[in-house]
Amino acid sequence: MFQNTTIKTKMVFITILGLILLSTILATISVSTTKDALMKKSYDTLTAARDSKAVQMSNFFTNTIADIKVLARSPGMRDIVNSMEDVYDELEFDIKGPLPIKEKFIQDTTKSFDKFYQGYMKDYGYYDIFVINAKYGHVLYSAAKESDFGANLKDGPLKDSGLGESYKKALELNRPVFIDMKPYAPSNGAPAMFVATPVHIFGTLEA
C-alpha cells in the first residue's frame, strides 16, 4: 500500500489515522462520561423524590395522629360517647348482632352530632369518622352513614376489615394505630386506610 508513496505522504496518512483514532477514543470517553453524569442526575433526582415523599408521609402520619388525639379529647367526643352508651339500656337487641340504627332513639341521638362530625370530616379531609363502643364493638356513629354504621366489629362480617383491625389493634396497644390501605367493602371496595385511637372518659376506656 505504501510502496509508491513518499515518506511525507506516509507521515500525513499516519497522522490522520492517529487523529481519527484519538477522536474515536475521546468520543467514547465523552459518551461514557455523559452517560455517567445522566445516571447520577437521575439517581439524585430519584433520591430527592424519595426523601421528599418520606418527609411528606411522616408529616401526614404525625398530623393525622395529632388530629385524632384532639378529637378523642374533645367535648363532642365525650358527649356522643355518653349519649350513645344509653343505647344498651334503652333498646333490646342481640348484643352480638348489629346496632338497630333504624330505631328512633339512635336516629335522633346521632343526628344531633352530625353538624359537628360531618363538619370536622370535611374540614380535615377525612372520608368518614367513626365512634366505636370499646366493649361490644358496635359502630355507634358514622359521619358518612354507609353500611358500616351500626356494624359489630367483634362478631360481624366486618371484624376482619380495615375498620375491624383498627378497632382491635387500638384497644390492644392502647395508642393511636394505622391500618394500611386495602379494599373496603362498605365503600364499594375502594381502597381505605384507617387510623384509630382509644377514647378515655374520666380515665375509663369507652371507645
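Residues were classed as buried at under 20% relative accessible area, exposed at over 50% and partly exposed in between, with a 1.4 Å probe and protein chains only. Buried residues make up 34% of the 207 residues in the protein chain. The model is predicted, with local features requiring a pLDDT of at least 70 and side-chain atom pairs a pLDDT of 80 or more, while totals for chains, interfaces and linings use all residues. Residues are numbered from 1 along each chain as its sequence is written, and side-chain values use heavy atoms, with hydrogens and water left out.

The protein chain contains 6 helices and 6 strands, where helices (H or I, at least four residues) and strands (E, at least two) are DSSP runs numbered from the N terminus. From the N terminus, the order of elements is α-α-α-α-α-β-β-α-β-β-β-β. Contact was defined as heavy atoms within 4.5 Å. Among contacts between residues at least 6 apart in sequence, 47% join residues at least 24 apart.

Helix H2 spans residues 75–85, and its buried residues are Gly76, Met77, Ile80, Val81 and Met84. These residues lie on the same side of H2, because they cover an arc of only 130° around the axis; the arc is that of the directions from the helix axis to the C-beta atoms. An α-helix has 3.6 residues a turn, so residues three or four places apart point the same way. Aspartate 79 also lies in helix H2, and counts as partly exposed at 36% relative accessibility. The C-alpha atoms of aspartate 79 and isoleucine 201 are 9.8 Å apart, across a sequence separation of 122 residues.

Nonpolar cores were taken as sets of buried Ala, Val, Leu, Ile, Met, Phe, Trp, Tyr and Cys residues joined through side-chain atoms within 4.5 Å. The largest nonpolar core has 24 residues, of which Met77, Ile80, Leu99, Ile106 and Tyr117 touch the most other members. At least two residues of this core come from each of H1, H2, helix H3 (87–90), helix H5 (114–124) and strand E2 (139–142). H2 supplies the largest share, 4 residues. Apart from neighbours within four places in sequence, tyrosine 117 is in contact with Leu71, Gly76, Met77, Ile80, Ile129, Tyr141 and Ala143. A second, separate core of 12 residues includes Ala151, Tyr167, Ile179 and Tyr184.

Serine 166 is found in helix H6 and is buried, with a relative accessible area of 2%. Beyond neighbours within four places in sequence, serine 166 is in contact with Val177, Ile179, Phe194 and Ala196.

Grid points are joined across faces, edges and corners, and a volume is the space filled by probe spheres set on the points. The largest pocket has a volume of about 820 Å³. Its lining comprises 38 residues, with Asp128, Phe130, Met193, Phe194 and Val195 nearest the centre. Helix H1 (7–72), strand E1 (130–132), helix H6 (162–173), strand E3 (177–184) and strand E4 (190–196) each supply at least two lining residues, and E4 provides the largest share, 7 residues. By class, this lining has 29 nonpolar, 5 polar and 4 charged residues; Ala, Val, Leu, Ile, Met, Phe, Trp, Tyr, Cys and Pro count as nonpolar, Asp, Glu, Lys and Arg as charged, and the others, Gly among them, as polar.

The second largest pocket has a volume of about 210 Å³. It is lined by 14 residues, and Ala72, Arg73, Pro198, Val199 and His200 are the closest to its centre. H1, H2 and strand E5 (200–201) each give two or more residues to this lining. The lining of the second largest pocket has 6 nonpolar, 4 polar and 4 charged residues.

Most residues other than glycine have a negative phi, and most peptide bonds are trans. Lysine 145, in the loop between E2 and H6, has a positive phi near 55°. This lysine 145 counts as partly exposed, at 32% relative accessibility. Asparagine 188, in the loop between E3 and E4, has a positive phi of about 60° and counts as exposed at 79% relative accessibility.

Terms used. 1 Å grid on protein atoms, 1.4 Å probe; cavity = no way out; pocket = protein on both sides within 12 Å on 5 of 7 lines; lining within 4 Å.
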